[in-house]
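Please open the model in a viewer and keep the selection panel at hand. The tour moves from the whole chain to individual residues.

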Amino acid sequence: MAKLYVNPNNPKSKINKELYGNFSEHLGRCIYEGLYVGKDSPIPNTNGMRNDVVTALKEMKLPVLRWPGGCFADEYHWMDGIGPKEKRKKIVNTHWGGVVEDNSFGTHEFMELCRQIGCETYINGNVGSGTVQEMSEWVEYMTFSGVSPMAELRKENGHEEAYTVNYFGVGNENWGCGGNMRSEYYADEYRRYQTYVRNYYEDKKIYKIACGPNADDYEWTDTLMKIAGKYMNGLSLHYYTVPGNHWKHKGSATQFDEAEYYLTLRKAFYMEELIHRHGAIMDRYDPKKKVGLIIDEWGTWYDVEPGINPGFLYQQNTMRDAMVAAINLNLFNKHSDRVKMANIAQLVNVLQAVILTEGEKMILTPTYYVFKMFRDHQDATLLDSALATEEIGMEKDIIPNLTESVSRAEDGSITITVANLSLDTTYPIETVFAQAAPDTVTGTILTGSMTAHNTFDAPETVKASDFADTKLENGGITFNIPPCSVISLKVTLK
């Protein structure tokens with residue numbers, strides 16, 4: 001029997017709710033059709049936003065949303081997306097499918113979406129093809145409540161009060177699609193641009209995020225921290241779990257064998273090494289961990305579904321993706337002393353989406369249910385915990401069989417999330433609490449075969465359900481966790 005040790009008397013770091021954030025880009029059907037259908041659509045909506053999607057995201061407790069990209073951010077000129085829709089400029093989305101972007105979803109629409117969801121806003125500015133003046137005026141347009149040209153323009157466009165911008169990214173992937181810059185060059189550009197991301201608020205500050213490394217580019221992190229570390233609140237990190245051997249052949253989202261399953265999960269665990277090594281570099285310059293590591297693009301990336309525009313990045317979502325989500329979310333919780341926000345890519349109809357839509361239909365993916373099951377970790381305190389594990393997998397793709405994290409909310413309740421990554425073995429687990437004993441326990445489980453997924457014809461093949469197979473005995477909690485499953489337990493102590 002595997003033992004899970006929990007010490008309620010040894011609290012660790014706060015698990016920022018923003019670790020459970022998401023990312024929405026003008027890419028494929030994420031914004032248009034997925035989130036925004038327009039006021040005149042027969043699909044039920046409020047001010048153009050899909051009611052079904054907004055309701056689902058509220059239930060998932062989405063805390064923060066990043067927009068407008070991604071690569072799209074560094075070719076996005078915000079003035080194209082304000083004012084009367086019939087006058088907005090139509091452009092070609094050169095990064096994603098070469099389709100026409102009509103800019104009908106812009107700043108006001110994004111803010112309205114976040115208002116309906118009740119989430120914080122993360123705006124990504126344009127360094128690659130934009131100017132300092134353009135970025136500065138966008139911040140003024142959104143956040144200044146006084147008298148100024150940009151504030152007056154916002155009011156003319158229908159919003160009297162200033163918006164709240166919680167997070168602002170100064171560029172995106174500037175080592176690649178955001179300008180192919182060298183680390184030293186971008187570090188200097190970041191210092192210059194962020195100077196003019198003015199703080200117009202009296203009672204809060206915009207959290208400024210610098211473009212960080214692509215996966216294991218440790219030189220980038222070192223250079224940015226050395227040259228620009230004192231000018232940033234956060235440094236981004238992008239890492240995708242790609243099972244294929246080449247970006248042109250990434251593997252199928254639904255057609256895979258056990259070997260590819262374990263390969264995918266091994267690559268997901270690489271996130272822990274990235275956090276450790278980038279964190280160690282950041283520690284040299286920032287030992288008090290004032291600068292947050294912002295993992296604002298992560299998740300699985302497969303070949304698009306057959307017959308889909310390859311630039312739309314539409315993929316299905318199976319229990320394998322649920323396992324990847326559980327691995328990462330548990331890791332983020334465990335490293336919440338340095339990791340302050342994370343944004344899975346992407347929200348709807350793109351990559352590891354939590355929601356898929358087709359016309360008026362909507363389905364929730366296995367990844368959605370993992371996020372919903374983990375939501376009580378948000379703004380809770382990480383507790384010291386350890387779980388005895390064993391190695392599983394195939395050939396070189398060896399991983400631990402179990403992954404977990406534990407937190408305590410303000411009301412004293414404890415949330416335990418455990419994933420069983422094995423495809424064939426059920427594990428009995430005994431949870432032991434140091435100098436404490438459980439009083440009550442309730443649970444939720446998500447389980448299924450590794451390729452199980454929801455379709456528009458069968459939307460509830462995979463969904464979370466109540467888990468009652470727990471026993472309070474010997475001052476602890478015992479339960480069996482089935483293969484390929486995720487369990488969330490809510491515990492109160494005596």
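**Before starting**

This is a predicted model, in which local features need pLDDT of at least 70 and side-chain atom pairs count only at pLDDT 80 or more, while totals for chains, interfaces and linings use all residues. Residues are numbered from 1 along each chain as its sequence is written, and side-chain values use heavy atoms, with hydrogens and water left out.

**Stop 1: the whole chain**

Display the chain as a cartoon and colour it by secondary structure. It contains 9 helices and 26 strands; these elements are DSSP runs (H or I of at least four residues for helices, E of at least two for strands), numbered from the N terminus. Along the principal axes, the C-alpha atoms fill a box of roughly 70 × 50 × 45 Å.

Next, colour by accessibility. Of the 494 residues, 60% are buried, where buried means under 20% relative accessible area, exposed over 50% and partly exposed in between, with a 1.4 Å probe and protein chains only. The chain exposes about 19300 Å², and carbon and sulfur atoms supply 48% of this area; accessible areas come from the Shrake-Rupley method with a 1.4 Å probe.

Among contacts (heavy atoms within 4.5 Å) with a separation of 6 or more, 76% are between residues 24 or more positions apart. For the charges, select Lys and Arg as positive and Asp and Glu as negative, leaving out His and the chain ends. The mean positions of the 49 positive and 65 negative charges are 5 Å apart, each charge being placed at NZ of Lys, CZ of Arg, CG of Asp or CD of Glu.

**Stop 2**

Select residues 107-117, which form helix H2; 10 of its 11 residues are buried. Among them are His 108, Glu 109, Phe 110, Glu 112 and Cys 114. Gly 118 follows H2 and has a positive phi, near 85°.

Then select residues 366-373, helix H9. Here 7 of the 8 residues are buried, so H9 is largely enclosed by the rest of the structure. The buried residues include Pro 366, Tyr 368, Tyr 369 and Phe 371.

**Stop 3: the cysteines**

The bond joins Cys 71 to Cys 177, with an S to S distance of 2.2 Å. Cys 71 lies in the loop between strand E5 (64-67) and strand E6 (91-92), and Cys 177 in the loop between strand E9 (167-170) and helix H5 (183-195), so the pair ties together parts that are 106 residues apart in sequence. The torsion about the S-S bond is about -90°, so the disulfide is left-handed. Cys 71 is buried at 11% relative accessible area, whereas Cys 177 is partly exposed at 27%.

Cys 30 is in no disulfide; its nearest cysteine sulfur, that of Cys 114, is 12 Å away. Cys 30 is buried, at 0% relative accessibility. Cys 484 is also buried, at 3%.

**Stop 4: backbone geometry in the loops**

Most residues other than glycine have a negative phi, and most peptide bonds are trans. Another cis peptide bond joins Gly 69 and Gly 70, with omega about 15°, and Gly 70 is in the loop between E5 and E6.

Move on to Asn 47, a residue other than glycine with positive phi, near 55°. Asn 47 sits in the loop between strand E3 (45-46) and strand E4 (49-50) and is partly exposed at 38% relative accessibility. Leu 313 likewise has a positive phi near 55°. Its loop runs between strand E12 (292-300) and helix H8 (319-334), and Leu 313 is buried at 8%.

**Stop 5: Val 441**

Finally, select Val 441 in strand E22 (residues 438-447). Val 441 is buried, with 17% relative accessible area. Its C-alpha atom is separated by 4.5 Å from that of Val 491, 50 residues apart along the chain. Leaving aside residues up to four places away in sequence, Val 441 touches Thr 470, Leu 472, Ile 477, Leu 489, Lys 490 and Val 491.

Technical notes:
A disulfide is a pair of cysteine sulfur atoms within 2.5 Å.
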